[in-house]
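Please have the structure open as you read.

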Amino acid sequence: MTTDLLEEIHALEADGRRRVEAAAGLDDVRAVETAVLGRKSPLAKVSAAMGGLAAADRRQVGQAMQEARGRLATLLEQRRAAFEAEDRERRIREERLDLTEIMVHPGAASVADRGHLNLVTQTRDELEDTFIAMGFEVAEGPEAETDWYNFEALNMPPAHPARGMWDTLYLKLGEPETILLRTHTSPVQIHLMEAQKPPIYAVVPGRCYRRDTPDARHLPVFHQVEGLVVDHGITFGDLAGTIEAFTTAFFGPDIHSRLRPSYFPFTEPSAEYEVTCPICAGAGCRTCSGSGWIELGGCGMVDPNVFGAVGIDPEEYTGFAFGFGIDRLAQVRQGIEDMRILLDNDLRFLTQF
Ligand code: PHE
């Protein structure tokens, strides 16, 4: 009797296995599960017959039954998971919507010629590549800032006259004049130094905002790239060398840089960063007002007060920072007379780049 039952369990398991493997979908799996393991299944009948066995035999047959059911249940589970995954993939394929609208500009050779990034974005990407090649990391920061990051930690306490260098757009949030659209990327210097210990070698591209009227050389929404280096023994020579290396890498070997004394509250000493006018190659033209040089931005050695604001010891570390306009850079390099055309979305202009 025991041997008979064991053989029957064996045969029923083999049969069940075949049926599970033959299942063609989730509904089949469910039906087979009931038929093979359910209350009215042949296996359940064998279980009922076990009642008449002696205790030791019952244990043996019971164990065989449990193992057979366990193996069948595992197999059912695997089939179910496989069908569910198939189902999911099919649904994703079927429900996929292509929301891209292909704009073909006039003069395009084919639909594949579907446009490109704006000149400013291309310039930013190229700047990042150049600085990465020089060993810098690329970082980002928020466009809405608190007074602390945009001014105070940068050595401009409330009512400091230097705040007038930036025409600030405040947001109607919290206390009046406490939250603003950043007027430069310099606040990210503070974020960087708060977040990590020196050495820091980072550049930060990003959008900035000023309450400026748009004209040929100004946009109220524009882009800057900030640079920050903090390490042991950084000197003004490192700053000048870095600026010159960047200039020739970015503009080519004929364009050079020069630094002229200037003032920024967060650097000491400070300088203006100028490059050879790429339009006249330094000979003097209308764009450079006959000087042969074009101003791109500011730079200098990080002021000890700025280090103080972020808890870096100015006796141990020194550093330099620079910041210049990306839109301005693109304008100068491409000889674009009026910056506003960068935002006009005029395809005759955009397709040139
Ligand atoms: N943040 C300054 C500006 O927008 C430029 C600058 C950056 C100057 C870093 C010095 C150091 O005019």
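What follows covers the ligand's contacts and then its pocket.

This is a predicted model, in which local features need pLDDT of at least 70, side-chain atom pairs count only at pLDDT 80 or more, and totals for chains, interfaces and linings use all residues. Residues are numbered from 1 along each chain as its sequence is written, and side-chain values use heavy atoms, with hydrogens and water left out.

Around the ligand there are 15 residues, and His184, Ser186, Arg210, Gln224 and Glu226 come nearest (near means a heavy atom within 4 Å).

| Residue | Ligand atom | Distance |
|---|---|---|
| Ser186 | nitrogen | 2.8 Å |
| Arg210 | oxygen | 3.0 Å |
| Gln224 | oxygen | 3.0 Å |

Taken alone, the ligand exposes 330 Å², and the protein buries 93% of that (Shrake-Rupley method, 1.4 Å probe). The shell divides into six nonpolar, seven polar and two charged residues. β10 gives the most to this shell, with three residues.

Where does the ligand sit? The ligand lies in the largest pocket, with more than half of its atoms within 2 Å of the grid points. On a 1 Å grid, a pocket is an open set of points where a 1.4 Å probe fits, with protein on both sides within 12 Å along at least five of seven lines, and lining residues have an atom within 4 Å of a point. About 640 Å³ of space lies in this pocket. Its lining has 31 residues, with Arg210 and Gln224 among the closest to the centre.

Note on methods:
A polar contact is a pair of N or O atoms within 3.5 Å; within protein, one must be able to donate a hydrogen and the other to accept it, and residues adjacent in sequence count only if both atoms are side-chain atoms. Helices (H or I, at least four residues) and strands (E, at least two) are DSSP runs, numbered from the N terminus. Ala, Val, Leu, Ile, Met, Phe, Trp, Tyr, Cys and Pro count as nonpolar, Asp, Glu, Lys and Arg as charged, and the others, Gly among them, as polar. Grid points are joined across faces, edges and corners, and a volume is the space filled by probe spheres set on the points.
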